[in-house]
Amino acid sequence: LGVVMERLIIRWFYARPHEDQLLVTFGLSIVFVELVRWYLSSDTKTVQTPALLQGITNMGFMFYPTYRLAVGGICAVALLVLFLVLYRTRLGMIVRAGIEDSVMVDSLGINVDRVFMIVFGIGAMAAGFAGFINAPIVSLAPEVGEQILVQTFVVVVIGGVGSFPGAVLGGLIAGE
């Protein structure tokens, strides 16, 4: 879905100001919420925690839900994989170079539009994965993404746009 959305709508906004890109993605999120409400319903649903991860864990100094500890581990692994992709692969090098100077990367014979499409698809996949992992913690509703939107902006402001370590640090600060 992310790749289709990028190909049909988002790609036309790459040459426009960042504010336009932000507004079109925000508008798309509103459209998706309303489509879900229309086709499925506005009812809130719950997802059960996997049986293996139910209960609480004694950490010695406090008790903590086992599933939330697992989510922390899953997030750490996902961040490590994303870091390795961005900083240790050819795709990551092309992405970072394309952000800095897409004309130069294009002149080297690399299809920057295709790389941006892949990155947008990976981002959409990561958002879906985050929603899947977070589903047992929160109640599911069509507007569940809007609940964390402000926190996401805070993380970007704290960490700096385009900074992977800054995003991680901003997420930790905003989470606390």
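The following questions and answers cover the fold, selected helices and selected residues of a predicted model.

Residues are numbered from 1 along each chain as its sequence is written. In this predicted model, local features need pLDDT of at least 70, side-chain atom pairs count only at pLDDT 80 or more, and totals for chains, interfaces and linings use all residues, while side-chain values use heavy atoms, with hydrogens and water left out.

User: In what order do the elements of the chain run from the N terminus on?
Analyst: Helices (H or I, at least four residues) and strands (E, at least two) are DSSP runs, numbered from the N terminus. The chain has eight helices and two strands. From the N terminus on, the order is α-α-β-β-α-α-α-α-α-α.

User: What percentage of the residues of the chain count as buried?
Analyst: Buried means under 20% relative accessible area, exposed over 50%, and partly exposed in between, with a 1.4 Å probe and protein chains only. The C-alpha atoms fill a box of roughly 55 × 40 × 25 Å along the principal axes. Of the 176 residues of the chain, the buried part is 19%.

User: How much of the accessible surface of the chain belongs to carbon and sulfur atoms?
Analyst: Accessible areas come from the Shrake-Rupley method with a 1.4 Å probe, and for residues only the protein chains shown count as cover. The surface of the chain comes to about 12400 Å², and the part belonging to carbon and sulfur is 69%.

User: How far apart do the centres of the positive and negative side chains lie?
Analyst: Lys and Arg count as positive and Asp and Glu as negative, with His and the chain ends not counted. The place of a charge is taken as NZ of Lys, CZ of Arg, CG of Asp or CD of Glu. The chain has 10 positive and 12 negative side chains, and the centres of the two sets are separated by 8 Å.

User: Which elements are included in what covers the buried residues of H3?
Analyst: H3 has 23 residues and reaches 32 Å from its first C-alpha to its last, close to the 33 Å expected at 1.5 Å a residue. The expected span is 1.5 Å times one less than the number of residues. In H3, Thr66, Tyr67, Ala70 and Val71 are buried. Their cover includes E1, strand E2 (63-65) and helix H6 (112-134).

User: Which helices are included in what covers the buried residues of H6?
Analyst: H6 also has its span computed: 23 residues reach 33 Å, close to the 33 Å expected. Its buried residues are Val112, Val115, Phe116, Met117, Gly121 and Ile133. The cover of these residues includes helix H1 (2-8), H3, helix H4 (90-100) and helix H5 (102-107).

User: Which residue caps the N-terminal end of H6?
Analyst: A polar contact is a pair of N or O atoms within 3.5 Å; within protein, one must be able to donate a hydrogen and the other to accept it, and residues adjacent in sequence count only if both atoms are side-chain atoms. At the N-terminal end of H6, a side-chain oxygen lies 3.2 Å from the backbone nitrogen of Asp113, and the capping residue is Asn111.

User: Is Glu6 buried or exposed?
Analyst: Glu6 lies in helix H1. Leaving aside neighbours within four places in sequence, Glu6 is in contact with Arg11, Tyr14, Phe116, Met117 and Phe120. Because its relative accessibility is 0%, Glu6 counts as buried.

User: At what distance does the side chain of Gln21 reach the backbone oxygen of Arg16?
Analyst: Gln21 lies in helix H2 (residues 18-39). Not counting residues up to four places away in sequence, Gln21 touches Phe13, Tyr14 and Arg16. A polar atom of the Gln21 side chain lies 3.3 Å from the backbone oxygen of Tyr14. For the backbone oxygen of Arg16, the distance is 3.4 Å.

User: Why does Arg68 count as partly exposed?
Analyst: Arg68 is in helix H3 (residues 66-88). Arg68 is partly exposed because its relative accessible area is 40%.

User: How far apart in space are Gly162 and Arg96, C-alpha to C-alpha?
Analyst: Gly162 is found in the loop between helix H7 (149-159) and helix H8 (164-175). Gly162 is exposed, with a relative accessible area of 78%. Gly162 and Arg96 are 66 residues apart in sequence, and their distance in space is 9.2 Å.

How values were computed. Contact = heavy atoms within 4.5 Å.
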